[in-house]
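Please look through the following notes on the helix packing with the coordinates open beside them. They are set out as numbered points, and each can be checked against the model.

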Amino acid sequence: MPSPNAVFTELVTTTFRKHRKDLKDKDWVTRNIIGAGTALSDIYQGAKQFVGAGDRSQIEANKVIQDEAPVGSLTGSVALAATPFGVVGKGVKGAAATGAIYGALQPVAGEQTLENVAKGKALNTLVGGAFAA
């Protein structure tokens with residue numbers, strides 16, 4: 001009998017192949033508008049992971065969309081990260097704080113175990129704060 005993880009992986013892979021094809025069939029503009037929306041969805045999923053409620057399939061779906069619409073995905077992420085700078089200012093401390101918070105709110109892919117999510121969140125926070133400083 002296959003493990004639950006193997007069954008989940010097969011189901012997700014099949015579903016995402018269909019989503020990838022559906023995205024490829026859309027025009028460039030539409031695809032990238034959809035891609036821009038992944039930034040907000042990622043923050044939402046990342047926040048839900050703090051209470052153990054992250055949706056692995058949605059996180060993986062966002063990755064597929066980001067692969068197919070990198071320009072829109074990047075644009076959405078930049079716009080979302082730029083918003084807090086209006087509040088904290090443009091100094092190094094403000095940039096580091098914004099980067100750390102933004103990093104912490106990024107979803108952790110893979111198994112949604114406490115250990116995996118905690119390690120991923122710590123790394124995201126560290127990298128986000130370091131790159132911003």
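1. Helices (H or I, at least four residues) and strands (E, at least two) are taken as DSSP runs and numbered from the N terminus. On that basis the protein holds 8 helices and 0 strands, and its elements run α-α-α-α-α-α-α-α from the N terminus on.

2. The model is a predicted one, in which local features need pLDDT of at least 70 and side-chain atom pairs count only at pLDDT 80 or more, whereas totals for chains, interfaces and linings use all residues. Residues are numbered from 1 along each chain as its sequence is written, and side-chain values use heavy atoms, with hydrogens and water left out.

3. Buried residues (under 20% relative accessible area, with exposed being over 50% and partly exposed in between, for a 1.4 Å probe and protein chains only) make up 32% of the 133 residues. Among contacts (heavy atoms within 4.5 Å) between residues at least 6 apart in sequence, 67% join residues at least 24 apart.

4. The axes of helix α2 (residues 28–36) and helix α5 (residues 70–82) come within 7 Å and cross at roughly 35 degrees, where axes are lines fitted to C-alpha atoms, for helices over the stretch in contact, and angles run from 0 to 180 degrees between N-to-C directions. The contact is made by Trp28, Asn32, Gly35 and Ala36 of α2 together with Pro70, Val71, Gly72, Ser73 and Gly76 of α5.

5. Within α2, the buried residues are Arg31, Asn32 and Gly35. Seen down the axis of α2, these buried residues fall within an arc of 90 degrees (the arc being that of the directions from the helix axis to the C-beta atoms), so they line one face of the helix. At the start of α2, a side-chain oxygen of Asp27 reaches to within 3.2 Å of the backbone nitrogen of Val29.

6. Not counting residues up to four places away in sequence, Ser73 touches Gly35, Ala36, Thr38 and Gln66.

7. Arg20, placed in helix α1 (residues 4–24), is partly exposed, with a relative accessible area of 26%. Leaving aside neighbours within four places in sequence, Arg20 is in contact with Val64, Asp67 and Glu68. The C-alpha atoms of Arg20 and Val64 are separated by 6.5 Å, although the two residues are 44 residues apart along the chain.

Definitions and conventions
A polar contact is a pair of N or O atoms within 3.5 Å; within protein, one must be able to donate a hydrogen and the other to accept it, and residues adjacent in sequence count only if both atoms are side-chain atoms.
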